[in-house]
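Trainee: Please take a close look with me at one part of this model, and connect that part to the rest as you go.

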Amino acid sequence: MNEALPETTRDDLIRDLHLSGISRGDNVILHSSLKSLGNMRGGADAVVDAFVEVIGPSGNLMVPTFTYSIPKWMKTPFDVQSSVSQTGAITESVRRNPAAKRSFHPTHSVAVLGPDAEEITADHMQATAIGLASPFGKMHKSGAKIVMLGTNQTSNSSLHYCEVHAAVPYLPIAFSDEVDYETAWFLNENRHVEYCEIHEVPGCSRGFENVEDELAQLGVMRRVKIGPTMSQVLALRALVEAMDTILTRDPELLLCGLPYCAICPKRRERVRRVRL
Ligand SMILES: [Zn+2]
């Protein structure tokens, strides 16, 4: 921690969250970068505290605690009790909170604090990773807001949900060739290793910035300052509605242009073949 930097406090965040339109009773999906807050007094725990204080006892705070537990990527299978979140220090703070519930999913688990945590995290294994019946789908139904704290749309997992909702033609294309799924692994309740298929694979998000300016122009995304960092706030229902239109017009928009990407070139080819 750099002591020369001005300190950000929990109260700074509470004030700015109110100014950003987050209020009591809100359900919030939080994507975050602790580093973007600079010298944060109390660290990740204080950031989580600030959100809980603002949404109050009737609001729910959901964070991704993704582990991407696919044998070719991760050396150990997903353990719902102990696998560390790969999506940042603030998400790990929620996961470790004794009051939080974590969904059981070997690649895209989430952790939730709030009165509906049990319901939001239930049956994730029976749903797809970020599909209609996943915790993201439940947050969509509940009218949740999304806060990108010091991050931008490249970390907005709800755009993967929008890909599913808009039924883009490339959903059956996985990272692996010849199959329309990835094989993930996890420890079951008896602590034995099991394998399962992940369908509607959430692919690459490096192209998600492509849609940022349009979402801002439509008023679906607002750029706000929270503490010292530029952040973004969206309403999930408005995002899904806008993305249904945008992805129907341009189904390749969320795909990145990197020639070495392991999935986007294949997905682009699928879109073009379907359109012929
Ligand atoms: Zn890509």
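Mentor: Let us begin with the largest cavity, which holds about 40 Å³ of space. The model is predicted, so local features need pLDDT of at least 70 and side-chain atom pairs count only at pLDDT 80 or more, whereas totals for chains, interfaces and linings use all residues. Residues are numbered from 1 along each chain as its sequence is written, and side-chain values use heavy atoms, with hydrogens and water left out.

On a 1 Å grid over the protein atoms alone, a cavity is a set of points where a 1.4 Å probe fits but cannot get out, while a pocket is an open set with protein on both sides within 12 Å along at least five of seven lines; lining residues have an atom within 4 Å of a point. Points are joined across faces, edges and corners, and the volume is the space filled by probe spheres set on them. By this rule there is one cavity of 30 Å³ or more.

The residues lining the largest cavity are Ile-130, His-160, Glu-163, Val-164, Leu-171, Glu-200, Val-201 and Pro-202. Five of them are nonpolar, one is polar and two are charged, where Ala, Val, Leu, Ile, Met, Phe, Trp, Tyr, Cys and Pro count as nonpolar, Asp, Glu, Lys and Arg as charged, and the others, Gly among them, as polar.

Most residues other than glycine have a negative phi. Glu-200 sits in the loop between β9 (193-198) and α7 (212-217), with helices (H or I, at least four residues) and strands (E, at least two) taken as DSSP runs numbered from the N terminus. Glu-200 counts as partly exposed because its relative accessibility is 26%; buried means under 20% relative accessible area, exposed over 50%, and partly exposed in between, for a 1.4 Å probe and protein chains only. Glu-178, another residue with positive phi, at about 75 degrees, lies in the loop between α6 (158-165) and β8 (182-187) and, at 82%, counts as exposed.

His-160, which lines the cavity, is also one of the residues nearest the centre of the largest pocket, together with Tyr-68, His-108, Gly-203 and Ser-205. That pocket has a volume of about 500 Å³ and is lined by 31 residues, which divide by class into 15 nonpolar, 14 polar and two charged. Strand β2 (residues 27-32) gives the most to this lining, with three residues.

For comparison, the ideal angle for four tetrahedral donors is 109.5 degrees.
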